[in-house]
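Reader: I have a chain here that I'd like to go through with you. Can we start with the overall fold and then go to the ligand?

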Amino acid sequence: MDKLILSEDEIAKICDRLAKQIDTKLKDNDNGIPIMLGVMNGALPFMYELVKHITTPCQLDSIKVSSYDGTGSTGVVKVSKEPDHDLEGKDVVLIEDIIDTGITMHYLKEFIKKKYKPKNLYICILIKRNNLEMKYDELADFTGLTTDEQRYIVGFGFDYYGLFRNMPYVFVPSVRDIKEWGTLIEDDKKLTEDYKKNSK
Ligand code: 5GP
């Protein structure tokens, strides 16, 4: 690792603080059972830690999307996993791992409002990066950590080619880590190819 961004302990403390803020916000609403909507796959470890600290009875759900910054204002959000619950008229807390360039959140938010018509859509993110090439200045209602770190981060939902989402802390990998992971991925690819070849 090159730099620790959030330790396991810091993540738990952040989740506790965010959960208290969310509980306070939801307390005065009278829109039925709120729904915590995690963006797959990156936000799921964060959502599961966060909801341990939320005391308001709530339901958990998830959505999987990819967003494309089309020509100017016409961004396209493609949904590959819809929420299981009917979100119409509900308080929905959208839980995402990071706002980086702001593109994903910019389109996702509008898409969810238009398609599922929640009464209120709150945004909760673990990390807000002060991106030097920010496209949309998207602000969340609840933010865990704001960072100037511009390097790629890994762990606790943040992946490296699908790997290391399961790690309990967030960090900037070292050059050596990246090298080792490259070998791991290559070896895995080779094993699968050999298996397929031999099983023909
Ligand atoms: P944005 O659209 O705001 O640029 O970022 C959207 C997505 O990019 C995030 O939801 C996250 O999945 C991914 N992302 C952005 N920065 C990082 C990073 O440093 N590490 C990892 N693993 N994913 C990132």
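Predicted model: local features only at pLDDT ≥ 70, side-chain atom pairs only at ≥ 80, totals over all residues.

Reader: What is the radius of gyration, and what would a compact globule have?

Author: The chain has 18 Å; a compact globule with 200 residues would be near 16 Å, so the value agrees. The C-alpha trace spans about 60 × 40 × 35 Å along its principal axes.

Reader: What share of the residues is buried?

Author: Of the 200 residues, 32% count as buried.

Reader: Next, the core. Which residues have the most contacts inside the largest nonpolar one?

Author: That core has 45 residues, and L18, L37, V93, L94, I95, C124 and I125 have the most contacts inside it. Elements giving two or more residues to this core include β1 (3-6), α1 (8-27), β5 (91-99) and β6 (120-129).

Reader: And what does I125 touch, leaving out residues up to four places away in sequence?

Author: I125 touches E96, D97, I98, I99, A140, T143 and G144.

Reader: Now the ligand. Which residues are closest?

Author: The closest are D100, T101, I103, T104 and F158, out of 16 residues that surround the ligand. β5 and α3 are the elements that give two or more residues to this shell.

Reader: Which element gives the most?

Author: β5, with 4 residues.

Reader: How does the shell divide into nonpolar, polar and charged?

Author: The shell around the ligand has 8 nonpolar, 4 polar and 4 charged residues.

Note on methods:
Residues numbered from 1 in each chain as written. Rg over C-alpha atoms; globule rule 2.2 N^0.38 Å. Buried ≥ 20, exposed ≤ 12 C-beta atoms within 10 Å, placed from the backbone. Core = buried A, V, L, I, M, F, W, Y, C linked by C-beta atoms within 7 Å. Contact = placed C-beta atoms within 7 Å. Near = placed C-beta within 6 Å. Nonpolar A, V, L, I, M, F, W, Y, C, P; charged D, E, K, R; others polar.
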